[in-house]
Amino acid sequence: MPSLKDVKAKIGGVKKTRQITKAMNMVAASRLRGAQLRMEAFRPYAGKFGEVLSNLAARAGEDASPLLVPRAEVKTVHVVLCTSDRGLCGGFNANLMNKAEDFAVERKAAGQEVKFTCFGKKGRDWARNNGFERVTDHLGIVGTRFPYTVASKTGQSLIDGFLAGKWDEVYVLFSRFESMARQKATLQQILPVPPIEIQEEEGGEFMAEHICEPSAEELMAKLLPMSVYIQVYSGLLETSTSEHAARMQAMDNATKACNDMLDELTLVYNKARQAAITKELMDIVGGAEALKG
Amino acid sequence: MAADIFLEIVTPEKLVVSEETQTVVAPGSEGEFGVLPGHTPFLTTLKVGTLRYKDASGTERYVFINQGFAEVLPDRVTILAQSGERRRDIDLERAKESLERAQQRLASATADTDYERAVGSLLRAQARLSVAESRTTARMQ
């Protein structure tokens, strides 16, 4: 039976841990709200953009831009890996890295070289420890209120590298925010731009006879880089939101675990206390009996 | 005239403008263009510059636009821009500073100066300032 003092110290410790996890939970909750708002603010832009792009694609044809053309031979693959800077968020980063690892192994088996651009410290450390070539690292972005220019600059350098033949395919690996309880590591190809789905016109009011200035092909060529930025931005936003959601969940679980531990420890403490009292009583009774003797 | 073009200016970070307007004048990449109600469907890219519109009460308003494109339909104009700021949201000090920086960079340009970037930020700073200054001219009139 542990001593009373030990148990008491342990209870104090667990209580303090609980306070920290509770605070982290609340911080994550408020950041999550911010991140979700930003995701919502971005949605109209992305939605509208997709609409216009798909209509243009229907008119401009397949070879309007070199960004659309798949390479015959893929030698180098570039992955933009979005992870968080900080831990304590459950399996969040591990999920992303597992996915990255699977992908890298598969591509290496096919004789391709895999390079990474890492957003987030966790991903960078992982890529470094596994000996992958990193093109650039960006720390302090995921999970904060980063500006759109982060995405457009990254997107532009991805495009430049693609056009210069430094890499032949580009993917974004990010954590899709499906719900509070579900964040899924998702791999999405961004270059060459996958064939754009042509949506059926709804009600026929849209784009049928638009005048395009400059031509539809030139417009397409201008819009495609923007669509790459959008994908990078949305990947980063989703990852940020997921990170906070994952941390909230993890901290909630930790707080619950603390509560369970406290219950158990309190039980142990009370038992020990009672045992001590019983023992003292026995001593007193024993002593009295002996005197009566 | 009825106020009946619905203008929406959307950037990745927020919805900048969403309101009924009478006329819209936007900086197209092939030249500035004006839109009145009943305009034919039209799609174009935009350059860095000023977008003007008359709101429902007939007041001229100015918005800074940084690249993007515009979709014009008979009763609505949608602008998707990489960034956009209404006149009152422009940070004058910052714009002035970045104008100076860009000018310096261009003045002391060497072979490794990213010329395009410098020109780009010069243009943005100039456009921001010209939007911000349109306030003073409008008041004087």
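## Contact between chains A and B

In this predicted model, 20 residues of chain A are in contact with 20 residues of chain B. On the chain A side, the elements that give two or more residues to this contact are α1 (4–60), α4 (148–163), β6 (211–213) and α5 (216–292). Of the elements of chain A, α1(A) gives the most, with 7 residues.

Sorted by class, the residues on the side of chain A that touches chain B are 14 nonpolar, 2 polar and 4 charged.

## Strand pairing across the chains

β6(A), one of the elements on the chain A side of the contact, is also joined to a strand of the other chain.

## Domains of chain A

Chain A is divided into two parts: domain 1 covers 4–24 + 250–292, and domain 2 covers 32–249. Taken over C-alpha atoms, the centres of domain 1 and domain 2 of chain A are separated by 52 Å.

## Contact between the domains

Where the two domains of chain A meet, 5 residues of domain 1 are in contact with 7 residues of domain 2. On the domain 1 side, α5(A) gives the most, with 4 residues. The residues of domain 1 that touch domain 2 are, by class, 3 nonpolar, 1 polar and 1 charged.

How values were computed: Residues numbered from 1 in each chain as written. Chains lettered and ligands numbered in written order. Predicted model: local features only at pLDDT ≥ 70, side-chain atom pairs only at ≥ 80, totals over all residues. Nonpolar A, V, L, I, M, F, W, Y, C, P; charged D, E, K, R; others polar. Domains from an automatic or database assignment.
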